[in-house]
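Let's take a look at the charged side chains here and how they pair up. Have the structure open as you read.

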Amino acid sequence: MSLLEMKNIKKSFNGVEVLKDISLKVEKGEVLGIIGPSGSGKSTLLRCATGLETADAGEIHYSGTFGLVFQNFNLFPHYSVMKNITDAPLKVQKRKKEEVYKEARELLKKMGLADKEDAYPCQLSGGQQQRVSIARALALHPDILFFDEPTSALDPELTAEILKVIRELAMEHMTMVIVTHEMNFARNVSDHVIFMDGGVIAVEGTPEEVFDSSNERMKEFLGKFND
């Protein structure tokens, strides 16, 4: 069952076409990895999928709800960790406080942050802040979880923390769309991979089909990571 279908999506900024007729599907339980060079349209595609940008043309169909994890955490600095996680379920979804707090504590435990519920973002490392933002997204019970370069603001040690959390979510069959520059991670965690270049999908398929592709642009791109 497709949870997300994007058909013939186009998007331009100041006359420059950033997305050129993009179509894709995300199936329930699938992890879609989106890779490609800077400026290829990856983040714009994700922002169109989540409504942060409006596509100029095309159709977007959802079967369910989504959550979004940003590259720069986007936590409310004046809220405690617990309030960051519980605010939307309480105020937007109008769920019961006891249920929401119980679940938030379970999510913090799962993220290895059980002792941080009263801390504020400024008291946490970047990796801890990103784990809080993942918990905040999961607290809304999304059908799909989107990640926009979730490790780009982190050093290598903290990057490993976040990739471990995402791998565990994949093992639980969480449907995810991940824009990432971590090639080994994309290859290992994804069920389906899209390589974008110049606003189009240049190569797509299984991780093996994409990463072992004979496409010259793909080989050139991967060569920069292997140098």
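Arg 131 is buried, because its relative accessibility is 10% and anything under 20% counts as buried. Keep in mind that this is a predicted model.

So who does Arg 131 pair up with? Its side chain meets that of Glu 161 in a salt bridge, at 2.7 Å from N to O. Arg 131 sits in helix α4 (residues 126-138) and Glu 161 in helix α5 (residues 156-171), so this pair links distant parts of the chain, 30 residues apart. Glu 161 is partly exposed, at 25% relative accessibility.

## Lys 11 and Asp 56

Next up is a salt bridge between the side chains of Lys 11 and Asp 56, with 3.8 Å from N to O. Lys 11 belongs to strand β1 (residues 2-13), while Asp 56 is in the loop between α1 (42-49) and β4 (57-62), so the bridge ties together parts that lie 45 residues apart in sequence.

Are the two partners buried or exposed? Lys 11 is buried, with a relative accessible area of 9%, whereas Asp 56 is partly exposed at 49%.

## Arg 187 and Asp 212

The side chains of Arg 187 and Asp 212 also form a salt bridge, at 3.2 Å from N to O. Arg 187 is in helix α6 (residues 183-189) and Asp 212 in the loop between α7 (207-211) and α8 (216-226), so parts 25 residues apart in sequence get tied together.

Here Arg 187 is partly exposed, at 30% relative accessible area, and Asp 212 is exposed, at 52%.

## The wider picture

How many salt bridges does the structure hold? There are 15. Lys 83, Asp 87 and Lys 91 are even joined in a network of them.

Technical notes
Residues are numbered from 1 along each chain as its sequence is written. This is a predicted model: local features need pLDDT of at least 70, side-chain atom pairs count only at pLDDT 80 or more; totals for chains, interfaces and linings use all residues. Side-chain values use heavy atoms; hydrogens and water are left out. A salt bridge is a side-chain nitrogen of Lys or Arg within 4 Å of a carboxyl oxygen of Asp or Glu. Helices (H or I, at least four residues) and strands (E, at least two) are DSSP runs, numbered from the N terminus. Buried means under 20% relative accessible area, exposed over 50%, partly exposed in between (1.4 Å probe, protein chains only).
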